[in-house]
Amino acid sequence: MKSAGHFAEIILPLPVRGVFTYTVPEEMIPLVVPGKRVIVQFGARKMYTGLIRKLHNSDPAQQELKPLLEILDEIPLVNEYQMKFWEWMADYYMCTLGEVFKAALPSGLKLESESRVLPNEDFDALSLKKEHLELLFLTIRENPGLSIHELTKKTSRPALISDIRKLIDQDAIFLEEKMRNTLRVKKEKFISLSENLKDEKRLQNVLDELSPAPRQLELLTEIVNLSMDKKGRLSLKEVPLSEFMKAQSPSALKALLDKNILVKTERVVDADEMPDGKLIQPARLNPAQEAALGNIHKLFREKDVVLLHGVTSSGKTEVYIHLIQEMIDQGKEVLYLLPEIALSSQIINRLRKVFGDQVGIYHSRFSDAERVEVYRRTAGQKGQRYKVILGVRSAVFLPFSNLGLIIVDEEHENTYKQFDPAPRYNARDSSMVLAGIHGAKVLLGTATPSIESYANASSGKYGLVELSQRFNEVLMPEIRIADIRDARKRKSMKSVFTPVLIDSIFETVAAGKQVILFQNRRGFSSYIMDETCGWIPRCKQCDVSLTYHKFRNSLECHYCGYVRKVPAHCEECGSTRLTNKGFGTELVEDDINLIFPGIRVARLDLDTSRAANSYEKILESFGRQEIDILVGTQMLSKGLDFENVALVGILDADQMLNFPDFRAYERSYQLMAQVSGRAGRKDKQGKVIIQTLDPAISLIHYVRKNDYQAMFREQIMERQAFNYPPFVRMIRISLKHKDASLLQKAAGLLSDEMRIVFGRRVLGPQAPLVGRISSYYVLQIILKVEKKSSFERARKLLADIIREASGADIMSGVKIQPDVDPY
């Protein structure tokens, strides 16, 4: 009988169903454990980092199996909690376990043959102790950007992935990344005593041995003194290198490091980290916050999920901080989810002042090496384990082992949903499953709950806690409606501004206060059109008009990135009567400068925040009151807190309301209420001007009265009447191909097969709002499953239908992408 563990089931980061079986060489049998990474060959030549899922001794009835080539980890990198979470996600969101694996781990932890590597130009090759690593580093420095496969050919080294991993671990090289707007982060070097010096006798022996080397002895003595805790006990805490090296010898430090007496580490230090290490206690709660906290405690005894519905500026964050402190005191971990990277800077400040370096930050603007470091510290494999993780949706994949609480701030935001690539998960919904696996609780927080969350709270599925007044009893902003149609009739509009908004801007800036102007469309104008024949420049690869960007003097597609120069004349009739249609944030900024000369104005949208740290710089400048008027898109609506903002202008409410989506009213309310909440947050009542062509629209009046319940009642009745969530669950199947007629036939075949099983629950196929993107035509089929039916069974039936239909000749080359809970 073969030894247990002779075969290993391996997850590979590929969109292929199932796991792959490999043999375990005899010498590896004692080392293989589920959750460890391994190097394997897949196919004829490709090498991948795989993950051990299971071990067994049942010889699979198949041809000769390939062996594991190398084990990469001493201890498992992925724990059993994560494995359960991954398996649930692959099943629920109808994707493969490999796709979840690819999304869950930072790139540096899953090397593959196609990975491209770049040298760290600041790295000293002489510090590499092994000659073959030094030679590999020099080869990479001379040939930057080669793939691992190309390097293998060049160096003729079969175990190259293992060596690449070692160089990454030493920060000698890094992987080329597709997202290049990474934050510039401050790094600092730290020194600590080696683990074996915790024993005081051993330490004394080392001090005695160093008596012939006075400089080394002096340096070690200083570090020992700096390593003492408040009670005079020796610790292994990390001491910043900058604290003691000015008066010390670098050669003495190198000698102590070489002797393994000291250990050097390097980690990210955020600019807002408390430099003197002094922490403050959580702020004292007011009576309303105390009551809310007490109600949350009470409801958590009965419910796993609680919705905290608090108006803007009601002090929800301070309630979160008290809950976090309670979790830390119990030895538990906390995951604090935010919808945007952008929100993190202000929240980091507040959390770091209370919890210091117990807080870790995880998001996609960090480089891959920094994400790997946060991953390892969360797992307790490197440095002090984080107690609190502040992150965007991908933070749900971190290796928590004792999770006690998940906070989902601004839970209504659609940026918690991942659209491409798979897994197409919703981090808010997934966090509830993650919490269930850990036996943790979930707190959803927002001023404008999603319809589904509020329906769940109203029905008793979730607990509900209300915070209905602003902190320090500051009044909610006064909201006025400005009639654009009436102003146009009177010919009193100035560009896109009504007279009431113009006057309010003048009064606000004259009083030394600040203004936010909200327009949820970037660019100068939506498109340009020839007034003679109606010609509109369109994208060559997408079925959409091109947006005019005046600053870059270009026409751009916001779907595929196609860019062209602005034409001098119509390409159909030769006319030069080209005119702008619609308006975006660029035009607003431009016209503010013309109407209000001398007033300091800035713009915050995707175009101005592409560069590293540009978003933070704009917000910091606004916070220092160096900007009078800030113009922006929905980035401005997400929980930002500026005490000097007295006026908010919403320039075009109708553009949001008329979007063809069943969530248009809900999201319009959320956007307008959230951006309105930026006004008058600290002392005097703020003011909001909403410009619209139709002041009679009920939703605008709900925003004006801050009447969420009225909006909810209207929308829930409409959803029930037309069979939309929360009364049904939805799956959207997108089919894509470059041949429109072939795609139509393929979509027809799939929808016919679906109707045989699901009947009238199937809608489509039909083209989405933009029916061709990046040269691929798109058709969509919607499946609605009523709540009383088994959603699990519906997903399995659908997966079987897709699998069977995919075998048809007409489906060759057609991309089929199921998206569960797509909106």
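These legends describe close-up views of a predicted model.

Local features need pLDDT of at least 70 and side-chain atom pairs count only at pLDDT 80 or more, while totals for chains, interfaces and linings use all residues. Residues are numbered from 1 along each chain as its sequence is written, and side-chain values use heavy atoms, with hydrogens and water left out.

**View 1. An open, parallel sheet of 7 strands runs in the order β13-β14-β12-β15-β16-β11-β17.** Strands (E, at least two residues) and helices (H or I, at least four) are DSSP runs, numbered from the N terminus. Two strands pair if DSSP finds at least two bridges between them. β13 (359-362) and β17 (463-467) are the edges; each has a single partner strand, so one side of each is left without a neighbour in the sheet. Neighbouring strands are turned by 20° against each other on average, direction ignored. Axes here are lines fitted to C-alpha atoms, for helices over the stretch in contact, and angles run from 0 to 180 degrees between N-to-C directions. Strand β11 (residues 305-310) runs parallel to β17, joined by 5 bridges. Gly310 faces Leu467 in β17.

**View 2. Strand β12 is mostly covered, with 5 of its 5 residues buried.** Buried means under 20% relative accessible area, exposed over 50%, and partly exposed in between (1.4 Å probe, protein chains only). Glu333, Leu335 and Leu337 point one way from β12. Val334 and Tyr336 point the other way. β12 runs parallel to β15, with 5 bridges between them. Leu335 has Ile406 as its bridge partner in β15. β12 also pairs with β14, in the parallel sense, over 4 bridges. There, Leu337 stands opposite Gly391.

**View 3. Helices α3 and α5 cross at roughly 85°.** The axes of α3 (residues 131-142) and α5 (residues 160-169) come within 10 Å. The two helices are therefore roughly perpendicular to each other; that label covers 65 to 115 degrees, with under 35 roughly parallel, over 145 roughly antiparallel and the rest oblique. From α3, the contact uses His132, Leu133, Leu136, Phe137 and Ile140. From α5, Leu160, Asp163, Ile164, Lys166 and Leu167 take part. By class, this contact has 7 nonpolar, 1 polar and 2 charged residues. Ala, Val, Leu, Ile, Met, Phe, Trp, Tyr, Cys and Pro count as nonpolar, Asp, Glu, Lys and Arg as charged, and the others, Gly among them, as polar.

View 4. Rings of Phe, Tyr and Trp (its six-membered ring) pair if their centres lie within 6.5 Å; planes under 30 degrees apart count as stacked, over 60 as edge-to-face and the rest as tilted. Phe42 and Tyr48 have ring centres 6.2 Å apart and planes at 75°, so this pair is edge-to-face. Phe42 is partly exposed at 26% relative accessibility. Tyr48 is buried at 5%. For Tyr708 and Phe712, the centres are 6.3 Å apart and the planes at 20°, so this pair is stacked. Both residues lie in helix α22 (residues 708-722), 4 residues apart, about one turn of the helix. Tyr708 and Phe712 are both buried. Elsewhere, ring pairs link Phe85, Trp88, Tyr92, Tyr93, Phe397, Tyr425 and Phe791 into a cluster.

**View 5. An open, parallel sheet of 6 strands runs in the order β18-β28-β27-β19-β26-β25.** Edge strands β18 (478-483) and β25 (601-604) each pair on one side only. The twist averages 20° from one strand to the next. β18 runs parallel to β28 (residues 687-692), with 6 bridges. Ile479 stands opposite Val688. Helix α20 (residues 664-676) lies across β18, β19 (514-518), β27 (645-650) and β28, at about 155° to β27.

**View 6. Thr448 lies in the loop between β16 and α14 (451-458).** At 2% relative accessibility, Thr448 counts as buried. Thr448 and Ala673 are 225 residues apart in sequence, yet 7.4 Å apart in space, C-alpha to C-alpha. Leaving aside neighbours within four places in sequence, Thr448 contacts His412, Tyr669, Gln670, Ala673, Gln674 and Tyr708.

Methods
Contact = heavy atoms within 4.5 Å.
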